[in-house]
Amino acid sequence: MRDVFAGAALVALGLALVPLAGCPAAERPPAPVDLCVAECGKVAGKACSEGECTRGCELILDRLVEREGSGVVACVARSRRRCTDTAWAECAALVGAHADGGPPALVPPDPLDD
C-alpha cells in the first residue's frame, strides 16, 4: 500500500510540474486603446499628455474597433482644440464612414395623416 501511495504522489507531482515545463506563455496582443495611446504619444505628444491621450482613446473606442483610430488621432493633432473631449468627439465624427455626417434627418410626419 505504501508503494501505491508513493507512486500516486510521484504522478501528482509530475502532473503539477507539467504546466511549468510546457509551452511558454503566449503574450496577448495589445489592446486597441493601448495602441491608440502609443500613436497619440507619437503624433500629438507635444500637445497631449499621456492622460489626455488615454482619455481620448477611451472616448473613441468605437472608432478604434472600426480601425479608424489613426485618422482620429491625426485629426486631434491638427485640431485647434487639441486633446479636449470636444476635439476627440469632433474628430471621431469626421473620419471614415461617418465623415459625411450620417443619414439625413427623418421627415416629420404629416399631421393631416391621422
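1. At what angle do H5 and H6 pack, and how far apart are their axes? The model is a predicted one, and in it the angle between H5 and H6 is about 130°, with 9 Å between the axes. Angles over 145 degrees would count as roughly antiparallel and those from 65 to 115 as roughly perpendicular; H5 and H6 are therefore oblique to each other. The crossing of H5 past H6 is right-handed.

2. The residues that meet in this pair are Val 72, Val 73, Cys 75 and Val 76 on the H5 side, and Ala 87, Trp 88, Cys 91 and Ala 92 on the H6 side. Sorted by class, the contact of H5 with H6 holds 8 nonpolar residues, with no polar and no charged ones.

3. For orientation, the protein chain as a whole has 6 helices and 0 strands. Read from the N terminus, its elements follow the order α-α-α-α-α-α. The chain has 114 residues, of which 22% count as buried. Among contacts in the chain with a separation of 6 or more, 58% join residues 24 or more positions apart.

4. Helix H5 spans residues 69–78. Its buried residues are Gly 69, Val 72, Val 73, Cys 75, Val 76 and Ala 77. The cover over these buried residues includes H2, H4 and H6. Val 72, Val 73, Cys 75 and Val 76, already named in the contact with H6, are also among the buried residues of H5.

5. Helix H2 covers residues 32–43 and helix H3 covers residues 50–59. The two pack at an angle of about 135°, and their axes lie 9 Å apart. That angle makes H2 oblique to H3. The crossing of H2 and H3 is right-handed.

6. From H2, the contact with H3 uses Val 33, Cys 36, Val 37, Cys 40 and Gly 41; from H3, it uses Glu 50, Cys 53, Thr 54, Cys 57 and Glu 58. By class, the contact of H2 with H3 has 6 nonpolar, 2 polar and 2 charged residues.

7. Which residues of H3 are buried? They are Cys 53, Gly 56 and Cys 57. These residues lie on the same side of H3, because they cover an arc of only 100° around the axis. An α-helix has 3.6 residues a turn, so residues three or four places apart point the same way. The buried residues of H3 pack against H2, helix H4 (61–65) and helix H6 (85–93).

8. H3 also crosses H6. Their axes come within 10 Å and cross at roughly 40°. Angles under 35 degrees count as roughly parallel; H3 and H6 are therefore oblique to each other. H3 passes H6 in a right-handed crossing.

9. On the H3 side, this contact is formed by Glu 52, Cys 53, Arg 55, Gly 56, Cys 57 and Leu 59, and on the H6 side by Asp 85, Trp 88 and Ala 89. By class, the contact of H3 with H6 has 5 nonpolar, 1 polar and 3 charged residues. Trp 88 of H6 takes part in this contact and also in the one with H5.

10. Ala 92 belongs to helix H6. With a relative accessible area of 10%, Ala 92 is buried, since the cut-off for buried is under 20%. Ala 92 is one of the H6 residues that meet H5. Its C-alpha atom is 10.0 Å from that of Gly 56, a residue 36 positions away along the chain. Gly 56, in turn, is one of the buried residues of H3.

11. Two residues deserve a look at their backbone angles. Most residues other than glycine have a negative phi. Arg 67, however, has a positive phi, near 60°. Arg 67 sits in the loop between H4 and H5. Is Arg 67 buried or exposed? Arg 67 is exposed, with a relative accessible area of 75%.

12. The other residue is Cys 83, whose phi is also positive, near 70°. Cys 83 is placed in the loop between H5 and H6. Cys 83 counts as buried, at 6% relative accessibility.

Key
Residues numbered from 1 in each chain as written. Predicted model: local features only at pLDDT ≥ 70, side-chain atom pairs only at ≥ 80, totals over all residues. Heavy atoms only, no water. Axes fitted to C-alpha atoms, helices over the stretch in contact; angles between N-to-C directions. Helix = DSSP H or I, 4+ residues; strand = E, 2+ residues; numbered from the N terminus. Left-handed = near helix turned anticlockwise from the far one by under 90°. Contact = heavy atoms within 4.5 Å. Nonpolar A, V, L, I, M, F, W, Y, C, P; charged D, E, K, R; others polar. Buried < 20%, exposed > 50% of the residue type's maximum accessible area, 1.4 Å probe, protein only. Arc of directions from axis to C-beta.
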